[in-house]
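Please examine the sequence and the three-dimensional structure shown below. The briefing that follows is meant to be read beside them.

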Amino acid sequence: MTDIFYSLVFYLIALVIIASALGVVMEKNLVHSALLMTACFIGVGMLYIYLDAEFLGAAQFMLYSGGVAILAVMAVMLIKHGDEGPRDGGNGRALRAIAVASAFALVIGMIITALPYAPAGYISQDNVSELAEMMLTEYVLPFEIAAILLLSALIGAIILAKGDGEA
Amino acid sequence: MTVGLTHCLLLAAVLFAIGLYGLLSKKSIIAVLMSIELMLNAVNINFIAFNRFTNVSDLTGQLMAIFSIAVGVAEVAVGLALAYRMFHEHGTVNVDELNNMKG
């Protein structure tokens with residue numbers, strides 16, 4: 001009984017993710033797209049928690065469904081948009097994009113289902129402290145590099161947005 | 001059937017394919033950036049699913065996902081600033097009209 005419930009929750013989360021992701025790419029209005037993207041990120045965060053990655057789930061909620069979504073909505077509001085018609089190449093382009101995307105999904109899906117894998121698993125007892133321990137011992141160099149990357153991205157974004165001569 | 005690695009990987013593949021479709025068909029550069037974000041999230045799902053369902057003994061996969069999220073957020077900040085700059089210089093964010101570098 002708990003097994004069925006466990007599967008049901010997964011399919012519900014998957015439905016939220018796929019439906020809102022489809023909404024993002026189908027929607028003509030960019031504000032709607034951005035809000036559906038938030039819904040999709042919330043779904044992904046729920047999936048992280050479902051997969052016993054509590055810290056990642058919290059980070060997803062704060063960074064993606066909080067930060068990135070607000071940034072995207074701000075950008076949409078700052079920029080005036082023309083008509084959201086098909087791209088150069090007319091409707092053929094959209095059809096080719098659908099063909100490429102479904103071919104990709106088909107090939108990857110076939111590989112995944114053909115993949116033999118022995119059911120095993122690892123669940124951390126204390127997610128946050130184990131991650132913190134790894135981050136500050138074995139993986140301290142990537143951690144510092146990520147800090148430098150974020151700082152330079154921040155400065156780069158400010159300089160780009162201000163423009164020549166104003167900075 | 002209980003949920004395992006295959007389910008999560010299939011979900012991530014579908015999410016990635018949806019992002020790929022948006023990347024190829026959308027006209028506004030902001031919509032293209034949003035599609036790239038969907039693809040990044042699909043990859044992060046893979047990291048965490050492999051960490052959860054395969055024979056490992058620590059949380060390396062989740063740690064990689066954290067670094068991947070950091071890179072993704074940096075990318076979106078710079079990308080949206082670039083889009084804003086493009087709109088200032090050219091008055092458009094339509095990727096078909098941004099062809100200054102075309103020979």
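Predicted model: local features only at pLDDT ≥ 70, side-chain atom pairs only at ≥ 80, totals over all residues.

Residues are numbered from 1 along each chain as its sequence is written, while chains are lettered from A and ligands numbered from 1 in the order in which they are written. Chain A and chain B touch through 75 residues of chain A and 65 residues of chain B; two residues are in contact if their C-beta atoms, placed from the backbone, lie within 7 Å.

**The side of chain A that touches chain B**

- Helix H1 (2-26), helix H2 (30-50), H3, helix H4 (90-114), helix H5 (127-136) and helix H6 (140-162) of chain A each give two or more residues to this side. Helices (H or I, at least four residues) and strands (E, at least two) are DSSP runs, numbered from the N terminus.
- H4(A) provides the largest share of the side of chain A that touches chain B, with 13 residues.
- By class, this side of chain A has 55 nonpolar, 13 polar and seven charged residues. Ala, Val, Leu, Ile, Met, Phe, Trp, Tyr, Cys and Pro count as nonpolar, Asp, Glu, Lys and Arg as charged, and the others, Gly among them, as polar.

**Helix H3 of chain A against chain B**

- Two packed helices are described by the angle between their axes and the distance between the axes. Axes are lines fitted to C-alpha atoms, for helices over the stretch in contact, and angles run from 0 to 180 degrees between N-to-C directions.
- Helix H3 (residues 54-78) of chain A and helix H3 (residues 60-90) of chain B have axes that come within 10 Å and cross at roughly 10°. H3(A) and H3(B) are therefore roughly parallel to each other. Angles under 35 degrees count as roughly parallel, over 145 as roughly antiparallel, 65 to 115 as roughly perpendicular and the rest as oblique.
- Residues of H3(A) in this contact include A:Leu56, A:Leu63, A:Gly67 and A:Leu71, and those of H3(B) include B:Gln62, B:Ile69, B:Val76 and B:Tyr84.
- The contact of H3(A) with H3(B) has 17 nonpolar, two polar and no charged residues.
- H3(A) also packs with helix H2 (residues 29-53) of chain B, at an angle of about 175° and with the axes 11 Å apart. H3(A) is therefore roughly antiparallel to H2(B).
- This contact joins A:Leu56, A:Val68, A:Ala72, A:Ala75 and A:Val76 of H3(A) to B:Ile30, B:Met34, B:Glu37 and B:Ile48 of H2(B). By class, it has eight nonpolar, no polar and one charged residues.

**Helix lengths and burial**

- H6(A) has 23 residues and spans 33 Å from its first C-alpha to its last, close to the 33 Å expected at 1.5 Å a residue. The expected span of a helix is 1.5 Å times one less than its number of residues.
- A:Gly163, with a positive phi near 90°, follows H6(A).
- Helix H1 (residues 5-25) of chain B has 21 residues that should span 30 Å at 1.5 Å a residue, and this agrees with the 30 Å between its end C-alpha atoms.
- Because 17 of its 21 residues are buried, H1(B) is largely enclosed by the rest of the structure. A residue is buried if 20 or more other C-beta atoms lie within 10 Å of its own, exposed if 12 or fewer, and partly exposed in between; C-beta atoms are placed from the backbone.

**Individual residues of chain A**

- A:Tyr122 is in the loop between H4 and H5 of chain A, and is partly exposed, with 15 other C-beta atoms within 10 Å.
- Leaving aside its neighbours within four places in sequence, A:Tyr122 is in contact with B:Asn51, B:Arg52, B:Val56 and B:Ser57.
- A:Tyr122 and A:Asp52 are 70 residues apart in sequence, and their C-alpha atoms are 9.4 Å apart in space.
- A:Asp52 is in the loop between H2 and H3 of chain A. Although A:Asp52 is not a glycine, its phi is positive, about 60°.
- A:Ile49 lies in helix H2 of chain A and is partly exposed, with 16 other C-beta atoms within 10 Å.
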